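Reader: I would like to learn how to read a few local features of a model, one at a time. Could you give me the general idea for each and then the case at hand?

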Amino acid sequence: MGAADAPQALGAPDALSLVRALQALRRRSSVDPGFWSEYAAGLLHLCRARRVWVAEQHPGLDPEWRSLGGAGDAADPSPHLLDSAAYASLQALAARAADKGFALMPVTVEGAGQFHLAVRQACEGAVFALIEIPQRERASLNELILRAQLVADLPAVQPPEAAAAAAVAPPETPAAAAPTAYPVSVVAPSLPAASSAMPALLALAALCGAAHVALGWVEHDRVHLAAISHLDRFEADTDLVARVEAALDESLAHDGPVRSPEAPALAPLAEALRLPDVCAMAARRGEEPAEAAVLFACAEGRAPGDAVLQDVQAMLSLLLPRLAEMR
């Protein structure tokens with residue numbers, strides 16, 4: 001199935017469906033039919049975009065840009081096709097995106113203000129995603145750029161059979177380039193980087209209304225913070241980290257989510273973050289002891305309901321093997 005035969009964009013998925021789709025793409029190769037259009041559809045919802053194109057640059061050829069796939073709203077009959085505005089934006093943004101990992105500029109499309117965001121993909125060839133973001137998302141641009149960069153490594157992940165072939169490849173075979181880090185999602189200096197584990201967590205946080213999401217790993221019956229989004233760089237021994245870890249520790253004693261202000265350990269963190277609704281939950285495989293814990297901090301009126309939290313916990317059980325592998 002070529003780009004023209006790829007599925008059109010669907011309605012906005014729930015959080016569980018989006019995370020499952022992102023994780024499923026990690027197990028596939030970018031040469032699979034329909035891969036790039038499914039990836040574009042994921043970006044469309046993750047970045048609250050209007051349209052997404054994925055294109056490969058071929059300098060010196062005419063045309064220089066070849067569409068690999070795309071996604072758009074239901075009114076777009078051919079989301080994979082590069083229109084003149086998209087083509088011009090790729091030409092204008094490619095050099096900066098290749099150098100910095102992303103590039104952004106305002107554009108006018110069909111008489112309306114938009115932003116075009118180009119993100120270099122961590123795979124062979126000069127492949128870029130061009131994301132058309134509506135003007136109404138202007139205040140969230142930094143967050144949306146982060147989301148797009150955090151999934152830019154998806155096309156570089158090899159399926160098991162490709163990984164096995166790579167293991168016996170000649171030594172001179174080059175490895176895929178690593179994705180560019182973006183400094184908004186940060187980790188404690190004493191802990192391993194967790195940026196590759198954050199895309200699904202950030203997608204989850206966005207879809208359930210969280211302002212911050214934190215991930216910690218269980219060691220010797222205590223949770224140690226690995227990563228937290230949307231904060232400046234933090235040190236491992238700060239009061240904020242201690243409060244986050246105490247909140248994560250609280251979740252280990254419960255089968256389901258714990259919330260502030262009912263849980264005593266979560267109330268001080270909610271106060272420190274100036275966000276009234278903090279929820280933490282343990283991540284475990286079946287009946288086994290918890291291996292990790294995740295925390296969401298939400299603004300007033302944005303706390304997810306019980307049904308959403310049940311979906312979140314189901315997602316964590318699905319994600320845990322992949323998160324542990326990344327760790």
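Author: Let us begin with exposure, where buried means under 20% relative accessible area, exposed over 50%, and partly exposed in between, with a 1.4 Å probe and protein chains only. Glu110 has 66% relative accessibility and therefore counts as exposed. This is a predicted model, in which local features need pLDDT of at least 70 and side-chain atom pairs count only at pLDDT 80 or more, whereas totals for chains, interfaces and linings use all residues. Residues are numbered from 1 along each chain as its sequence is written, and side-chain values use heavy atoms, with hydrogens and water left out.

Reader: What is the phi of Glu110, and where is Glu110 found?

Author: Most residues other than glycine have a negative phi, and most peptide bonds are trans. Glu110, however, has a positive phi near 55 degrees, and it is found in the loop between strand S3 (102–109) and strand S4 (112–120); helices (H or I, at least four residues) and strands (E, at least two) are DSSP runs, numbered from the N terminus. Arg274 also has a positive phi, near 60 degrees, and its place is the loop between helix H8 (267–273) and strand S9 (277–283). As for the peptide bonds, a cis bond with omega of about 5 degrees joins Asp62 and Pro63.

Reader: How many of the residues of H2 are buried?

Author: In H2, 10 of the 12 residues are buried, so the helix is largely enclosed by the rest of the structure. Among these buried residues are Phe35, Trp36 and Tyr39, and these three form one aromatic cluster.

Reader: Which kind of aromatic pair do the rings of Phe35 and Tyr39 make, and why?

Author: A pair of aromatic rings is described by the distance of the centres and the angle of the planes. Rings of Phe, Tyr and Trp (its six-membered ring) pair if their centres lie within 6.5 Å, and planes under 30 degrees apart count as stacked, over 60 as edge-to-face and the rest as tilted. The structure holds four aromatic pairs. In one of them the rings of Phe35 and Tyr39 have centres 6.4 Å apart and planes at 15 degrees, so the pair is stacked. Both residues lie in helix H2, four residues apart, which is about one turn of the helix. Trp65 and Phe128 form an edge-to-face pair, at 5.7 Å centre to centre with 70 degrees between the planes. That pair links distant parts of the chain, with Trp65 in strand S2 and Phe128 in strand S5 (residues 127–134), 63 residues apart.
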